[in-house]
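Please consult the sequence and the structure shown here before reading on.

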Amino acid sequence: MEVNVSLLKQVCEIAGAPGFEKRIRSLIVELVTPLADEVKMDNMGNVIAIKKSKKNPDAKKVMVAAHMDEIGFIVTHIDDSGFVRFHTLGGFDPKTLTAQRVIIHGKKDLVGVMGSKPIHVMSAEEKTKLPKTTDFFIDLGMSKEEVEKYISIGDPITRDRELIEMGDCVNCKSIDNRVAVYILIETLRTIKDPAYDLYAVFTVQEEVGLRGANVAAHGINPDFGIALDTTIAFDVPGAQAHEKVTELGKGTAIKIMDAMTICDYRMVDFMKKTADQYQIKWQPEILTAGGTDTAGVQRMGKQGAIAGAISIPTRHLHQVIEMAHKLDISNSVLLLNACLEDMDQYDWKH
Ligand SMILES: [Zn+2]
């Protein structure tokens, strides 16, 4: 299965800071409306695309969650020289902000650069310290008067980086989690008949604490749940074998646990058996720091859900140059499809 790079590029490059998902949401609604029986939006802004099971009328419900938001910032202050201060929306590693281009989404989009103190004027002590997000300011190259024509306190800010292909990999901002948005759209496009009623949910505000998924799961009350998200691939120089979490190009990752969820042992077993049955390349994933929508999907319905997650190995996570492997992306589509179609074949009572 080929990765549709132009669709992935479109989905990755569009803006959608937590709480400000309007643009990515409009694109998703446009893309999934022809693929689903019904598309709804809840009050919080989660998009829910429903595809009913034909073979099992009155079927159980399976919720698949892919968060549509991306880590970003929000404008907190414009100083007398026109420099913008900001607060983070989601977890940033401050050292990765140096000299990056960002886009402030005000009355119109303005490109700015993340400024900080040049090394030439740093004291010896400053040179040894790691930067903090509060050390940075955004330089728009404009006076305060000019900036204030377009930008207000509370405007969202996202990273500015295009998607490119590098070997068999794709590299862009927001691979976390637009690659999963892409996988869920592709699954809606390619699935023949889901075993249970499929609730494909594109959630909001994951990066600030799984807020959209919690509400969506509460509303849907699913019997089964699968989250789709990126995970760490620390398969790089200096990493020890036990630190890698996952590796690029070794297949889709079946989550066993992350910091907020122990995946249901039945779901993990079902995913592994399904992957093996269809010769889908997979690797196990245990992420000891960081949570995903899996937690909301598992615990916010009335009885809880039998839940797990499919993860996409990603290098340079939460930086502007996040990278995933096409083979892992296509294997993720294949595994999600197979799981959704065969879910009624598994003995969930054991
Ligand atoms: Zn994510």
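The model is predicted, with local features requiring pLDDT of at least 70 and side-chain atom pairs counting only at pLDDT 80 or more, while totals for chains, interfaces and linings use all residues. Residues are numbered from 1 along each chain as its sequence is written, and side-chain values use heavy atoms, with hydrogens and water left out.

**Helix packing**

Helices (H or I, at least four residues) and strands (E, at least two) are DSSP runs numbered from the N terminus. Axes are lines fitted to C-alpha atoms, for helices over the stretch in contact, and angles run from 0 to 180 degrees between N-to-C directions.

| Helix pair | Crossing angle | Axis separation |
|---|---|---|
| Helix 1 (residues 5–13) and helix 5 | about 135° | 9 Å |
| Helix 2 (residues 22–32) and helix 5 (residues 175–190) | roughly 15° | within 10 Å |
| Helix 7 (residues 265–277) and helix 9 (residues 326–342) | about 110° | 10 Å |

Angles under 35 degrees count as roughly parallel, over 145 as roughly antiparallel, 65 to 115 as roughly perpendicular and the rest as oblique.

Helix 1 packs against helix 5 at about 135°, which makes helix 1 oblique to helix 5. On the helix 1 side, the contact (heavy atoms within 4.5 Å) is made by Leu7, Leu8, Val11 and Cys12, and on the helix 5 side by Ile175, Arg178, Val179, Val181, Tyr182, Ile185, Glu186 and Arg189. These residues comprise nine nonpolar, no polar and three charged; Ala, Val, Leu, Ile, Met, Phe, Trp, Tyr, Cys and Pro count as nonpolar, Asp, Glu, Lys and Arg as charged, and the others, Gly among them, as polar.

Helix 2 and helix 5 cross at roughly 15°, so helix 2 is roughly parallel to helix 5. This crossing too is right-handed. Ile24, Ile28, Leu31 and Val32 of helix 2 meet Arg178, Val181, Ile185 and Leu188 of helix 5, a set of seven nonpolar, no polar and one charged residues.

Helix 7 and helix 9 are roughly perpendicular to each other, in a right-handed crossing. Helix 7 contributes Phe270, Met271, Thr274, Ala275 and Gln277, and helix 9 contributes Leu335, Ala338, Cys339 and Asp342. By class, this contact has six nonpolar, two polar and one charged residues.

**Backbone features**

Asp176 and Asn177 are joined by a cis peptide bond with omega of about 15°, and Asn177 lies in helix 5. Ala99, a residue other than glycine, has a positive phi near 65°; Ala99 is placed in the loop between strand 5 (84–89) and strand 6 (101–105).

**Largest pocket**

The volume of the largest pocket is about 350 Å³. A pocket is an open set of points on a 1 Å grid over the protein atoms alone, where a 1.4 Å probe fits, with protein on both sides within 12 Å along at least five of seven lines; lining residues have an atom within 4 Å of a point. Grid points are joined across faces, edges and corners, and a volume is the space filled by probe spheres set on the points. The lining consists of Thr98, Ser116, Lys117, Met122, Glu126, Lys129, Leu130, Pro131, Lys132, Asp135 and Phe136, divided into four nonpolar, two polar and five charged residues.

Conventions:
Left-handed = near helix turned anticlockwise from the far one by under 90°.
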